[in-house]
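Let's take a walk through this one together, starting at a loop and working our way inside. Have the model open and follow along.

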Amino acid sequence: DVPKATESRGDSDGPRRGSLCDRHCAIINVQGDFSDLGCHLHRPCVPPGRSAMGLAGHGAPGGSHTPCHPLISPAAMSPPSCCQQHSEEVCESCVVKTTLTAENAVEANKLSNNYKFGFKKWKSHVTARPWEDRSEIVKELYSDLNVIRGSGGSTVTCGNILYLLLFGWWLSLLYVLVAALMFLTIVGAPYGQLCWDLAGYFLWPFGKVIQKVEVPKSHRALGACEAGAGESSALLGGPVPHRWRLQCWLDAGYWQHAGTVVWLCLGYPALALAHGLACVTAWLLIVLIPVAKLSARAATRVLLLPPEQVLVRRLRMTEVPLEGEVILCCYRAVNPYYYKYAVDGINVFAVNLLPLVLVTLVLGYVDSHNHLTSSSVKFTLALLSIMPLSYYIGMAIASISAQSNFAVGAVVNATFGSITELTFYITALIKGSREGNRCYAEIVKSALTGTLVGCVLLVPGLCMVIGGIRHQEQRFNSRSAGVGSALLFLSVGGVFAPTLFSKVYGKLVCGECHNVTQNPLGHYLCHNCHFDLMDNNGTLYYSHVQPLVYTVSLLLPAAYLIGLFFTLKTHSHIYDIHISDCHMPGHHHSAVVHWSRWRALVILLLSTLCMSACADLATEHISPILTNSTISQYFIGVTVLAMVPELPEIVNGIQFALQNNLSLSIEIGNCIAVQVCMLQIPILVLFTIFYPTNFTLVFSDLHVYASMFSVVLMNYIFMDGKCDYFQGTVLVMVYFILLAVYFFAPSPSGC
């Protein structure tokens, strides 16, 4: 019920804002960050017809709105005056709160341990969703191809025609050839008839059905076959198939018959290989996974049945067979919703990219002299392999956090959250130190800057644009974003403090100068100028710059810890996320975890090792690209090396934005940017103490200006706590303008 307005606001036991607003906040439970709150759009507090729900996909997959706990009565939804009377109190206090729903205790623990300020947000679903709670679209993805529909409409679709062009014609031709071969062997004639029937089926399998039927005993003897030649089938109501009559001339023992041996030696291997090729190809294309299921079922079930038990027939529009086991029945070859498909909790894209990791490692370490592939191909494969490994690392972190307490989850998140980037940076610095090449250190600085700029501009910009297409205006937690912006200002100032110090006190050294006026006192035109910190045996660097770098590297992690203590302990209401349970009415399910803690730990360690190997291969084969490419090394660093490892984070942010939960989308970008400055860079500085490299915390002017401008612009956009697709477009366009600047910039000195 709605709290009464007569309740005293000066109650000493209540919070400062008064009990009325707090009780409003307690009963309002809307999706995401209260973007549909009626206070801002002059509508009732909760729009009629909308159920209390949390993140889309947790309650009912496929976007269906499943009612959770009914927190607001109809009487509270009808009066339009509630927001008019208390809009200031409700909006100011409630808008900063986010309500997420969890299906079970394990998911709630994952949300509670991971969706914290300063931690990376892993959106992986760590438990299996109950089958009856899923949408019909998702159920169709996981169903076997043995369901007969009463009326499926026309089977002539673009996807089915695509199947005919890619698979149907050559599979049918192969079946015809195998049928001819089986007929030539005489003893394999029943299999020849089976292949002839299947040739027509696989040419166009849509609207047809393959059934397993039981052969009547009267047809198993020769005399009975002759007597029953004119009989009708009780199952089909028609004449006995000719294939049964051919089988009658053979011995009754099926597996002992010579025809089976001929079939398994001559016919089945070729067809199984063809179906395997079709299955793998269709699976990799994802939208053609029904074709993969079709081929797998044919190779493992249909072709291993006795030929007299396999019946191929065409279904009429209103016919539903009542007898006989249905083995295959397919209506569509293409289903665009298969991007949601998961295997043991792993998204199908990550499953398909896993073989890429194996190919990358084999080619990288076996073909070390580039006999099979070039360095550019190996570099590309190693970089692409980082994406699925990042997904597996995130899935493992989420699984461990969901089944552990907050301390364990925080340690695992902080330890392995940045392992992808740090692995690449450290291997690049080691290689540059061994070769005495400063270019690797510059590439690492470019990647750090590119990650910072991309997570400040591109990630929130894309989320605003894509989320703004579905939602006219989105609101987010401006106070939490303000804390992130303050940390970003602090971190950027600290990271670039040694650079500014070197600009003020360093000595400008130029590589080449020309007298323009032919006068010794005239103007000079100089090239390749930079501030030298190693003048007088490096007195300036070792006595002033290096101590400043170490001081900053100690202060930045301390500021990060203070920010965590501020948002998680003393001022947790600023970043307020409520975790509530959401269950289907009448259903109570125990959580079934995809990965146990030990399995997740093993996968986490293996993924980290593979990540290290791929990073080593990427740094090993990047040198030819840097030396032979006409593109600036700055551009390669801020784009490819910086943003490819962050693609899973960008996808997570977009999914949050589509669910009208922009606070988490913005927090993803802020978290990565803050961790780059306050964790990753200090770790790299600490690494250089124990393993001397060419890495110094002195950046080029372009990096300084781009980073500072990005942080200022982001802070300006996030000031009012609301956004639309236009503001997101501004952020994205500024990001691409900076990319154009990096593209046309000359390569850094030493590269």
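Start in the loop between H7 and helix H8 (189–203), where you'll find isoleucine 186. Keep in mind that this is a predicted model. Isoleucine 186 isn't a glycine, yet its phi is positive, about 65°. It also counts as exposed, because its relative accessible area is 61% and the cut-off for exposed is over 50%.

Asparagine 370 has 30% relative accessibility, so it counts as partly exposed.

Now hop over to the loop between helix H6 (136–142) and helix H7 (158–184), which holds valine 156. With 57% relative accessibility, valine 156 is exposed. It belongs to a nonpolar surface patch along with Ile161, Leu162, Leu165, Leu166, Leu285 and Val287, and together they have about 580 Å² of accessible area.

In soluble globular proteins, nonpolar side chains tend to be buried together. So what does the inside look like here? The largest nonpolar core has 112 residues, and Leu457 and Leu641 have the most contacts inside it. Helix H17 (residues 439–470) supplies the largest share of this core, 16 residues. Zoom in on leucine 641: leaving aside residues up to four places away in sequence, it touches Phe379, Leu383, Phe424, Ile443, Ala447, Ile622 and Ile636. There's also a second, separate core of 39 residues, with Leu145, Cys195, Tyr268 and Val310 among them.

Note on methods
Residues numbered from 1 in each chain as written. Predicted model: local features only at pLDDT ≥ 70, side-chain atom pairs only at ≥ 80, totals over all residues. Heavy atoms only, no water. Core = buried A, V, L, I, M, F, W, Y, C linked by side-chain atoms within 4.5 Å. Buried < 20%, exposed > 50% of the residue type's maximum accessible area, 1.4 Å probe, protein only. Helix = DSSP H or I, 4+ residues; strand = E, 2+ residues; numbered from the N terminus. Contact = heavy atoms within 4.5 Å. Patch = residues over 30% accessible without salt bridge, like charges linked within 9 Å, V, L, I, M, F, W, Y side chains within 5 Å. Areas by Shrake-Rupley, 256 points an atom, 1.4 Å probe, with all protein chains shown as cover. Salt bridge = Lys/Arg side-chain N within 4 Å of Asp/Glu carboxyl O.
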